Amino acid sequence: MRTCLAIIGLFITAPAWAQSPTVAAAKDFYCTPGKAHANAADDPVLTPTKIFDNLYVIGRSTTAVYALTTSDGIVLIDAGYPDQLETVLLPGMKELGLDPTRIRYILVTHGHADHFGGSTVLQQRYGAKVGMAAADWETVERPGRGGAPSTGPKRDIVLAEGTPVKAGDTEIQVVAVPGHTPGSLGFIFPVRDGSTTHTAALLGGAILLPGRPDVPALQG
Ligand SMILES: [Zn+2]
């Protein structure tokens, strides 16, 4: 998961495609395959873990989902693969004692379906509000190959740098980190460890991972 104390990366994936119609239709929206150190949809499942008093991690080693608990419900950062909601994300939340009916927001780091995939059902089932940058909403809402309808969530919130997301006692700063996609985002928010509060930052994309930058000038 490449987690360190206060800086946590969310990284691109290059999954082996599952073949359900939903996933096939979303294929165009996955992280680009063929990169060095390509990830896969069957990368190791993380042990669902509480990493700060108000921050949990669930998902796979290369497509982690973070759950930030607030006084006004849960904020998910990303939602994993669309076909792994019932097998990975929801069981992981249950193991951690996190009630999915309390998901208030899903903040999507970027518009690839291995990151926003689970949000469509969470939005429909639990009323979670999905936020993404404008440029990546446009990607998600674009019909798939052959004119197939988008399988993504409906647009609830357009996230933009300088406009924080407030959930009860917690404020989440939004930072634009375009590169992997035009609308890739990072998030900065407080995490608690007992009486100590730290500042955590997560980013979407591949910028800081050796060998994985999408921009040739940044490789090496
Ligand atoms: Zn991606």
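1. Which residue in β4 is the bridge partner of Tyr56? In this predicted model, the partner of Tyr56 is Ala67, and the two strands concerned, β3 (residues 55–60) and β4, pair in the antiparallel sense over six bridges.

2. These strands belong to an open sheet of seven strands with mixed pairing, whose order is β2-β3-β4-β5-β6-β7-β8. At the edges stand β2 (49–52) and β8 (157–159), and each has a single partner strand, so one side of each is left without a neighbour in the sheet. From one strand to the next, the twist averages 25°.

3. Helix α4 (residues 119–126) lies across β6 (103–107) and β7 (129–133), and runs at about 155° to β6. Helix α5 (residues 134–141) also packs on the sheet, where α5 touches β7 and β8, its direction making about 110° with that of β7.

4. The largest nonpolar core holds 43 residues, of which Tyr66 and Ile106 touch the most other members; strand β4 (residues 63–70) gives the most to this core, with five residues. When residues up to four places away in sequence are not counted, Tyr66 touches Leu55, Tyr56, Val57, Ile77 and Leu202.

5. The phi of Asp78 is near 70°, a positive value in a residue other than glycine, whereas most residues other than glycine have a negative phi. Asp78 counts as buried because 26 other C-beta atoms lie within 10 Å, the cut-off for a buried residue being 20 or more.

Definitions and conventions:
Residues numbered from 1 in each chain as written. Predicted model: local features only at pLDDT ≥ 70, side-chain atom pairs only at ≥ 80, totals over all residues. Core = buried A, V, L, I, M, F, W, Y, C linked by C-beta atoms within 7 Å. Buried ≥ 20, exposed ≤ 12 C-beta atoms within 10 Å, placed from the backbone. Helix = DSSP H or I, 4+ residues; strand = E, 2+ residues; numbered from the N terminus. Contact = placed C-beta atoms within 7 Å. Pairing = 2+ DSSP bridges. Axes fitted to C-alpha atoms, helices over the stretch in contact; angles between N-to-C directions.
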